[in-house]
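Here is a short briefing on a protein model. Look over the structure first, then work through the points by topic.

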Amino acid sequence: MADMDRNRRMVAIAKQNLIESGEREQLIQLLRTRLLECGWRDQVVMQCKDVVRDVGVENITLDKLIAEVTPKARQSVPDSVKRELLQKIKTSVSNQSSFSTSPFNHN
Amino acid sequence: MMSSRICEHLETFKANYGLNSYQIIYKQFISVTTQESRKRKARNCICFTCRLPVLRLHSCLYCVFFGCFTEHHIHEHSKTQKHNLAMDLSYGMVYCFSCEDYMHDKDLETIAKKQKRRADKVRGVRCTQYYRWEPTSQELQVLKDNPQRKRISENSHIGLRGLINLGNTCFMNCIVQALTHTPLLRDYFLADRHVCQFEADPSMCLVCEMARLFQEFYSGKSSPHTPFKLLHLVWTHARHLAGYEQQDAHEFFIATLDVLHRHCRGTNGPTNNSPHHCNCIIDQIFTGSLQSDVVCQSCKGVSSVEDPIWDFSLDLGPSLHMRQQRASSSTQTICDESEPKSLIDCLERFTRPEHLGSSAKIKCSSCQSYQESTKQLSLKKLPVVASFHLKRFEHSSRFHKKISSFISFPQYLDMTPFMASKIGCKSGSNDSSNVNSYTNGVANNDNKYCLFAVVNHSGTIETGHYTAFIRQHRDQWFKCDDHLIMRASVQEVLDSEGYLLFYHKQILEYE
């Protein structure tokens, strides 16, 4: 239990460092580009259209859409894209110096 | 999804509190640009309940509270505090807890778009966000007033029309077919992008006439079109082509490009013959540049000049060198220089270093004297559409002859071997790195071309007839013989004699 907490906290710190350095924004842009290039985005758009058609335009909410489409969309991300992003994230995180300030103390 | 209904809760909120809080939250936590704001974002974008920087974090619009959506912490806050609106901190969309969905609001969207554009600009993001086209009320009215719709399917023949021969005008008809099937030119005219520069008499503008021609071709009519207005304009602007005799299709092509180029720039102002200064659609599509390197045979110094080029006129038959040798010597010279048999052979000859001979010495600036030299042409800037002219007609004082030998040409052409960077000519810099660069495992070769039109001449130099093959969609070929349009196979095209060959750059597209 404590390990889980610790992991979660480490991930949180790493994420915040990425935001602060601006790298997170760059990684998001890179991911967006790759997903667009390989056609994933268009695939997901089509999936969304299908869901909207099935559920009906009047009944659809963003939540329903997210619930329906997310699992398959996640799964269909190409391995090469995952690998590339993972590599970049690893590099960025390993370059981070450890921050002593805990973000949880701002209250 | 985003309901098309207006959210009354959002309207009430805007009436009571205005748009300020939305803008502030957006600027501080979504479109961050400074180091300081990034730091603030990193530290503060945490769910107040679970104390973690979660995905789908939402900010309450009424008070300072961040809650995650997935664990419903923002929902709990909304219930207990009776704050029914929250904005998502990834994209700025507003969720209404009363309506139970994300609601669309024009005012907020305007703020979001503005902030995002500003942030993108600061960060130097090259591609701006794509926003789907939404018609204005004016555009909606136009659509309602013009209810006829044309559906373009994969096997639709829209864009194909025959052209009536007005008396030996097959040379013009073929070029018109080639031009109306040049994708970029077609897109330009169908998007109505031409603005006429003829103040005095717009009916004289060849570009306007071209635009009308495209309208005719893509009108869906299948009956042949009679291009008498076009013919009249060409006669007016290119006098040397006037008259009812058969003209050379290549000459017509060049004259047409020239007139179109001039008319794009208007009749006012000085005629600037340098395409480097022109950005008209003709130059954008057809103009490339050739590099000419002259090497002094004595000091090996290289002097390079770059010149614009619209089309490639390629010699056939024995080379000038060969002919000079045969003419000057009575003894039989064994020469291994054969005549070109393919387009590639022609291009190789075109870019081969040529010894300029002792009668054509060039003044070398480093040697400060006249020296023998070699000259070599190569491609510096590739045009989007490469047009090749196989010089089959010899007009010399002694005879008129047509070279009818078969010259094979490919469907796909890679111009890389003829590029200035590849040929190098002692440039020293090994700048062929751009030739083999890869992105995502796919070769970044921007030098590949695809055949889309072929103009053929059948018959003799005195009596002949021009026909054209054009490609529609990706792989459907048609033969255009004046008013007759017939389906053709790609093999038929590649087996044809070939006089004018039109290739366009291949655009890499994903499946």
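The model is predicted. Across the interface of chain B and chain A, the rule finds 5 residue pairs in polar contact, both partners at pLDDT 80 or more.

**Where chain B meets chain A**

- Two elements of chain B, α3 (35-44) and β5 (101-103), each give two or more residues to the side that touches chain A.
- The largest share of that side comes from α3(B), with 7 residues.
- By class, the side of chain B that touches chain A has 13 nonpolar, 3 polar and 9 charged residues.
- The contact takes 25 residues from chain B and 29 residues from chain A.
- About 2500 Å² of area is buried between the two chains, and carbon and sulfur atoms give 53% of that area.
- How many salt bridges does the rule find across the interface of chain B and chain A? It finds 1.

**Helix α10 of chain B**

- Helix α10(B) spans residues 228-237, and its buried residues are Leu230(B), Leu231(B), Leu233(B) and Val234(B).
- These residues sit on the same side of α10(B), because they cover an arc of only 165° around the axis.
- An α-helix has 3.6 residues a turn, so residues three or four places apart point the same way.

**A buried glutamine**

- Gln472(B) belongs to strand β20 of chain B, residues 464-472.
- Is Gln472(B) buried or exposed? Gln472(B) has a relative accessible area of 5%, so it counts as buried.
- A polar atom of the Gln472(B) side chain lies 2.8 Å from the backbone oxygen of Ile158(B).
- Leaving aside neighbours within four places in sequence, Gln472(B) is in contact with residues including Ser156(B), His157(B), Ile158(B), His181(B) and Phe478(B).

**Salt bridges within helices**

- Side chains of opposite charge can pair when their charged atoms come close.
- Over all chains, a search of the whole structure finds 20 salt bridges.
- In one of them, the side chains of Arg212(B) and Glu209(B) meet at 3.1 Å, N to O.
- Arg212(B) and Glu209(B) are 3 residues apart in helix α9 of chain B, so about one helical turn separates them.
- Arg212(B) is partly exposed, with a relative accessible area of 39%, whereas Glu209(B) is buried, with 8%.
- Another salt bridge joins the side chains of Arg262(B) and Asp258(B), at 3.4 Å from N to O.
- Arg262(B) and Asp258(B) lie 4 residues apart in helix α11 of chain B, which means about one helical turn between them.
- Arg262(B) is partly exposed at 32% relative accessibility, and Asp258(B) is partly exposed at 28%.

- The side chains of Lys402(B) and Glu497(B) meet in a salt bridge, 3.1 Å from N to O.
- This pair links distant parts of the chain, 95 residues apart.
- Lys402(B) is in strand β15 (residues 400-402), and Glu497(B) is in the loop between α16 (490-495) and β23 (500-505) of chain B.
- Lys402(B) counts as buried, at 15% relative accessibility.
- In chain A, salt bridges link Arg34(A), Glu37(A), Glu84(A) and Lys88(A) in a network.

Methods
Residues are numbered from 1 along each chain as its sequence is written. Chains are lettered from A and ligands numbered from 1 in the order in which they are written. This is a predicted model: local features need pLDDT of at least 70, side-chain atom pairs count only at pLDDT 80 or more; totals for chains, interfaces and linings use all residues. Side-chain values use heavy atoms; hydrogens and water are left out. Buried means under 20% relative accessible area, exposed over 50%, partly exposed in between (1.4 Å probe, protein chains only). The arc is that of the directions from the helix axis to the C-beta atoms. Contact means heavy atoms within 4.5 Å. Buried area is the accessible area (1.4 Å probe) that two parts lose on being put together, summed over both. A salt bridge is a side-chain nitrogen of Lys or Arg within 4 Å of a carboxyl oxygen of Asp or Glu. A polar contact is a pair of N or O atoms within 3.5 Å; within protein, one must be able to donate a hydrogen and the other to accept it, and residues adjacent in sequence count only if both atoms are side-chain atoms. Ala, Val, Leu, Ile, Met, Phe, Trp, Tyr, Cys and Pro count as nonpolar, Asp, Glu, Lys and Arg as charged, and the others, Gly among them, as polar.
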